[in-house]
Amino acid sequence: MADFTYNVDADGVAIITWDAEGKSMNVLTRESFGLVEKFIDQALTDDAVKGVVITSGKKDFAGGMDLNTLATIREESGDNPAQGLFDFTMKGHETLRKLERAGMDDKNKGGKPIACAINGTCAGIGTEIALACHRRFMTDNPKAKIGLPEILVGIFPGGGGTVRYSRMVGLLQASPVLLEGRMMDPKKAKGAQLVDEVVEADNLVAAAREWVLSATDKDIVKPWDQKGFKFPGGAPYHPAGFMNFVGASAMVNGKTQGVYPAAKALLSVIYEGSQVPFDTALKIEARWFTNVLMNPSSSAMIRSLFINKQALEKGAVRPQGVDDQSVKKVGVLGAGMMGAGIALVSALAGIEVVLLDQKQDAADKGKAYTTAHLDKGISRKKVTEEKKEQVLSLITATTDYAALKGCDLIVEAVFEDPSIKATVTKAVEEVVGEDCIFATNTSTLPISELAKASKRPEQFIGIHFFSPVDKMLLVEIIKGAETGDRATAKALDYVRQIRKTPIVVNDARFFYANRCIIPYINEGIRMVAEGVEPALIENAAKLVGMPLGPLQLVDETSVDLGVKIAKATKAAMGDDYPDDAVDEVLFWMFDQERLGRKSNAGFYDYDDKGKRIEIWKGLADQYPVADEQPDLIDVQHRLLFAQTLEAVRALEEGVLMDIREGDVGAILGWGFAPWSGGPLSWLDIIGAEYATERCDQLTDAFGERFATPALLRDMAAKGEKFYERFATEAADAA
C-alpha cells in the first residue's frame with residue numbers, strides 16, 4: 001500500500017487520499033512527496049479529469065514532515081549537506097508550485113481546480129500543501145486543529161508556508177501563526193484564512209467536490225500570480241509596512257532574546273520575500289530554511305523536541321517482554337494541589353479515580369479542582385456539559401481506604417515526610433490487591449528508603465510530577481533499588497495514558513531534574529551574596545534562554561520550600577554539605593518573612609494583586625551591589641554549567657540511563673534553554689574540549705562545584721560528543 005492513492009470518480013474529480021502505511025498519523029516522507037507529484041502530473045495531463053480533491057484516509061489530515069527525512073538527506077549529501085537540503089527544499093517548492101498553478105497558462109487560464117478536504121488535525125507540511133491548494137475545506141470538529149507549529153521544534157515553515165501565508169494575510173496577522181506556532185480550531189482558522197470553509201464532517205469531501213466542479217479560472221488563480229499584487233499591510237518600504245516590520249523585529253527579539261535562529265530566519269524570509277516576485281521569494285525561503293537546518297541549535301532542537309521526545313512517548317525505554325499495563329483504576333492519596341492535579345489528568349484520560357484524604361472537605365476540595373478546570377473549558381467552549389459530567393463521574397472523593405479496592409495503581413501524594421509516607425504505604429497495602437503497583441510522588445526523598453515500608457518493594461516506584469500537573473509536560477519515573485520491570489512498565493503506560501512525556505531514572509538524591517535545577521537556583525543566590533547585581537543575574541539567565549531567572553524561580557517555588565530542602569540535605573550530607581553560602585541568604589529571606597509569590601514578598605516585590613513589580617530594594621541593604629560587576633558571559637556560564645555538570649554526573653553515575661532523557665527531561669522539566677536541545681546537546685555544541693577548559697577556569701575562580709567530571713574530561717581528550725559516544729537510533733537520526 002502506498003502513502004497516497006489516486007482515484008477518478010464518475011464526474012471527473014480525481015481524489016488523492018493520504019493514508020501513510022503503518023502509521024496512525026500522516027507524515028510526509030521523501031518517497032511520498034514524489035508520489036504526490038506523480039498524481040498531480042497524472043491529474044493535470046488527463047483530459048478526463050476536471051479537478052482534484054486532496055484528503056486523508058485517517059481521522060486526522062497530517063502531522064507534518066517526517067524530520068528524519070531531513071537528517072537522511074543531510075547524511076546522503078556527504079561533504080555538501082547544505083546543497084542537498086537546499087535542492088530537496090526547492091524540489092518541494094517546485095511540486096507545490098505545480099499544484100498551485102494547476103496547468104494554468106501565462107494568462108492564468110486553463111487550470112484545474114484543486115481543493116483540500118481537511119478532515120482533522122493538520123500541521124506543518126500538511127498545512128503547507130493545503131495553502132498551495134485553491135480552496136480549503138475543514139471539518140467542523142472542534143477537537144481538530146490546524147497550524148504551522150514548526151517554530152516550536154527549532155525550524156520554520158519551509159515548504160512555502162512562510163511565503164504563502166504572509167502574502168495571504170500580511171505580516172501582522174501572519175506573525176502569531178508563524179512565530180508562535182499556534183494551532184487553531186476550524187472556526188478560528190477560518191478567521192485567520194488558514195481555511196476557507198468549515199463544513200460538517202459527513203459533507204466534507206462532497207463540498208470540496210462540488211466546489212471543484214463549479215470553480216472558474218478566476219477562482220483558482222492566487223493573488224500573487226495576478227498583475228498588480230501588493231503585499232497586504234504594506235511591504236517594508238511602504239509607509240504603513242515600514243512600521244509593521246520595525247515592530248515585528250522588536251517583538252521577535254523581545255520574545256526570543258535573540259537565541260532562536262529560526263525566529264530570526266522566518267522574519268528575514270517575510271522581509272526579503274515581500275520585496276521580490278513570488279518564485280524568487282520561495283528561493284529565499286529555501287535558502288533560509290537550509291541555513292536554519294545547518295545551525296547546530298536547530299538540529300539539537302529537532303533531535304530533542306521531536307525525534308527523542310516522540311521516541312520516549314512511544315516507549316523507547318519501556319522494559320521488554322512486559323504485557324500492557326494500562327491503568328484502569330488509580331488511587332490518589334492526598335488531595336492537595338498535587339493530588340488534585342493528578343486526579344484531574346487521570347480522569348481526563350478516562351481512568352477511574354479514587355481521591356483520598358484525611359478529611360472529607362479536603363477530598364471534596366481536591367475534586368473541585370477538576371470541576372473548576374472543566375468549567376473554565378466550558379466558558380471557552382472547549383468542553384461540553386456532558387463531558388464535564390462524564391469526567392467528574394470518574395472521581396470518587398473519600399476518606400475511606402476501603403474505596404481503594406480494585407485499584408491497579410496507587411499514586412501517593414502526601415506530605416514530603418518519610419514517616420507519613422510509610423504509614424500511608426502500609427495502610428494502603430492492607431486494602432489493595434497483591435498485583436497493585438504503588439507509586440510515590442516525591443521530588444527529593446530517596447525511593448529505595450521509602451520502599452522499605454512496603455511489603456512488595458519490587459512493586460514500589462517513584463513518580464515525580466511537576467507542578468501544575470495539568471500544564472507540565474514531563475513526568476520523572478524513579479526506579480528504586482528493588483523496583484521491578486512490571487512497576488516500571490506500569491508507570492510508563494500510565495504516563496502515556498495521561499499524555500505526558502516520561503523519563504526513567506535510577507534512584508539518587510534529588511533524582512535528575514531537581515539535582516540539576518537546585519544548583520541553578522543556588523548559583524543565582526550565591527551571586528547575590530557576592531554582590532552581583534540581581535538584575536544582571538536574572539537577565540543573564542533569560543538572555544541565554546532560561547524561562548525564569550533563578551531568583552524569580554525561588555519566588556515561584558517559595559523560599560520556605562528552599563529552606564526545607566536545604567535543612568534536609570544538610571542533615572543527610574553532614575560535613576559534605578556544600579551550600580552554606582546559599583543558606584545564609586535563603587534563611588535570612590525566610591526570617592524576613594519574604595517567602596516568595598505566595599506571600600507577595602520575596603526576592604521581588606509584588607502589588608496587591610500578586611503581579612511581580614521589581615527586585616526588592618531591601619535585598620541590596622543586606623547584600624550590597626559591588627562596584628565592579630562580572631561580564632555577562634561569566635554570569636551565564638556559571639548558571640549553565642551549574643546545571644549541565646550535574647547532568648553529566650548523573651549520566652556518569654548511572655542515574656541517567658539514556659542521554660535522550662537527559663535532554664528532553666531538562667527542557668520539559670525546568671525549561672533548560674530549549675534552543676540548545678538540552679544540557680548534553682549544549683555541551684556537544686560548544687565541544688567537550690572547550691567545556692573542560694571553561695570548567696577549569698570556573699573551578700579556579702569559584703570552587704569545586706565546577707570541577708570537570710572525569711567523563712567530560714575523557715571525552716575532551718578523545719574529541720568525542722555525547723551523541724556519538726552514547727549513540728542511540730534516535731540520536732543518530734538527528
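Which residues are buried in helix H6 (residues 171-179)? The legends below start with this helix.

This is a predicted model, in which local features need pLDDT of at least 70 and side-chain atom pairs count only at pLDDT 80 or more, while totals for chains, interfaces and linings use all residues. Residues are numbered from 1 along each chain as its sequence is written, and side-chain values use heavy atoms, with hydrogens and water left out.

**View 1. Helix H6 and its cover.** The buried residues of helix H6 (residues 171-179) are Leu171, Ala174, Ser175, Val177, Leu178 and Leu179. Buried means under 20% relative accessible area, exposed means over 50%, and partly exposed lies in between (1.4 Å probe, protein chains only). Helices (H or I, at least four residues) and strands (E, at least two) are DSSP runs, numbered from the N terminus. An α-helix has 3.6 residues a turn, so residues three or four places apart point the same way. The cover over the buried residues of H6 includes helix H5 (161-169), strand E10 (183-184), helix H10 (239-256) and helix H11 (261-273). Contact means heavy atoms within 4.5 Å. After H6 comes Gly181, with a positive phi near 65°.

**View 2. Thr95 in helix H3.** Thr95 belongs to helix H3 (residues 81-101). Its relative accessible area is 3%, so Thr95 is buried. Leaving aside residues up to four places away in sequence, Thr95 touches Phe33, Glu37 and Ile40.

View 3. Lys188, Lys376, Arg380, Lys382 and Lys471 form a patch of positive charge on the surface. Patches are made of residues with over 30% relative accessible area and no salt bridge; like charges are joined within 9 Å, and nonpolar side chains (Val, Leu, Ile, Met, Phe, Trp, Tyr) within 5 Å. A salt bridge is a side-chain nitrogen of Lys or Arg within 4 Å of a carboxyl oxygen of Asp or Glu. Lys382 sits in the loop between helix H15 (360-379) and helix H16 (385-392). With a relative accessible area of 62%, Lys382 is exposed.

**View 4. The cis peptide bond at Pro468.** Ser467 and Pro468 are joined by a cis peptide bond, with omega about -5°. The loop between strand E17 (460-465) and strand E18 (474-479) holds Pro468.

**View 5. Phe510 and its positive phi.** Phe510 is not a glycine, yet its phi is positive, near 70°. The residue lies in the loop between strand E19 (501-506) and helix H20 (513-530). Phe510 is buried, because its relative accessible area is 11%.

Key:
Accessible areas come from the Shrake-Rupley method with a 1.4 Å probe; for residues, only the protein chains shown count as cover. Lys and Arg count as positive and Asp and Glu as negative; His and the chain ends are not counted. The place of a charge is taken as NZ of Lys, CZ of Arg, CG of Asp or CD of Glu.
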